[in-house]
Amino acid sequence: MKPPPFEYVAPSTLDEAVSALTSKDAMVLAGGQSLVPMLNFRLLAPARLVDINRIAGLDYIRDWNQGLRIGTLARHHALETSSLVRERCPILHAAMPLVAHLAIRNRGTIGGSLCHGDPAAELPGLAILLKAEMQTTKRTIAAADFYKGALTTVLEKGEILTEIRVPPLAAGMGWAFEEFALRSGDFAVAAIGALVGAETRIVAIGVSETPIRLRRAEAQSTNITDLDAIVEVAREECSPVSDQHGSAEFRRHLVGVLTKRALTKARERAL
Ligand SMILES: Cc1cc2nc3c(=O)[nH]c(=O)nc-3n(C[C@H](O)[C@H](O)[C@H](O)COP(=O)(O)OP(=O)(O)OC[C@H]3O[C@@H](n4cnc5c(N)ncnc54)[C@H](O)[C@@H]3O)c2cc1C
């Protein structure tokens, strides 16, 4: 399949990119690993693509008060191989090899994955779990407020995500990321990220239109140690739907299994 015709522009500054986006029915092109397939399948037909890859200085991974500042164009593979990410945010480091295949990780960007907002993608769920902040050309948005639905964010026309900030975790927090996919490199059928320590946070991926925090299971985890009871709450808390990758009941089962594994590992890692 070939994409529908579009105008292609490759500005060298963010200001130029914003103005190119506001003046036409235009979309940002980052790594192209989700956008180009959607064009080829004719699911989208923007009049203009604004390629942001030639804007210098948007692909950094830096310290941010013991957490991380990540430029929107940082590639998945750069996150996977960054010693700073491994040290500051081991759960992000551990999850990156689960994102697609190496060829896709070489081009795909953190900002592209977050803005695409696939319900089964790892990075949106991790951003919510880690209470990340999204910096755009207009404002700062909490990751928890970034998604309106599947493949839909609160970004407005002409608004570009520029940076993701990940706050440091409290000392001694244990972590785990557990995923089930049909084949290596596929999107998750379901995944669970967990942080345990000063507080418990659990995020479920692939079981609703956007990643969800399992708040009732989190509260249970703070009060009791019986994993089976917590798992039962987690299973009840999500309302998955069936699709070609798995039935709603299978996904609910996965939430239970993956939550148990994630909490077990996170508790073992907590100091
Ligand atoms: C076969 C295959 C398997 C995959 N498996 C997985 C997987 O297991 N897990 C997973 O998470 N992902 C998976 N992906 C998706 C991959 O991770 C993509 O790289 C990612 O979703 C999009 O990043 P990108 O940089 O390529 O963005 P693009 O494809 O360039 O853009 C995606 C969307 O985000 C918008 N956008 C991009 N950057 C910005 C910005 N800075 N500001 C505003 N809007 C922006 C674009 O306009 C577009 O709507 C898979 C892809 C393929 C083709």
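Modeller: A polar atom of the Ser 242 side chain lies 2.8 Å from the backbone nitrogen of Ala 248. Ser 242 is found in the loop between H10 and helix H11 (248–269). This is a predicted model, where local features need pLDDT of at least 70 and side-chain atom pairs count only at pLDDT 80 or more, while totals for chains, interfaces and linings use all residues. Residues are numbered from 1 along each chain as its sequence is written, and side-chain values use heavy atoms, with hydrogens and water left out.

Biologist: What makes Ser 242 and Ala 248 a polar contact?

Modeller: A polar contact is a pair of N or O atoms within 3.5 Å; within protein, one must be able to donate a hydrogen and the other to accept it, and residues adjacent in sequence count only if both atoms are side-chain atoms. The distance here is 2.8 Å, so the pair falls within the cut-off.

Biologist: Why is H9 called roughly antiparallel to H10?

Modeller: The axes of H9 (residues 215–223) and H10 (residues 227–237) cross at roughly 170° and come within 8 Å. Angles over 145 degrees count as roughly antiparallel, so H9 is roughly antiparallel to H10.

Biologist: Which residues of H9 make the contact with H10?

Modeller: Arg 215, Arg 216, Ala 217, Gln 220 and Ser 221 do, contact meaning heavy atoms within 4.5 Å.

Biologist: Which atom of the ligand is 2.6 Å from Val 28?

Modeller: An oxygen atom of the ligand is at that distance from a polar backbone atom of Val 28. Another polar backbone atom, in Leu 161, is 2.9 Å from a nitrogen atom of the ligand.

Technical notes
Axes fitted to C-alpha atoms, helices over the stretch in contact; angles between N-to-C directions. Helix = DSSP H or I, 4+ residues; strand = E, 2+ residues; numbered from the N terminus. Parallel < 35°, antiparallel > 145°, perpendicular 65-115°, else oblique.
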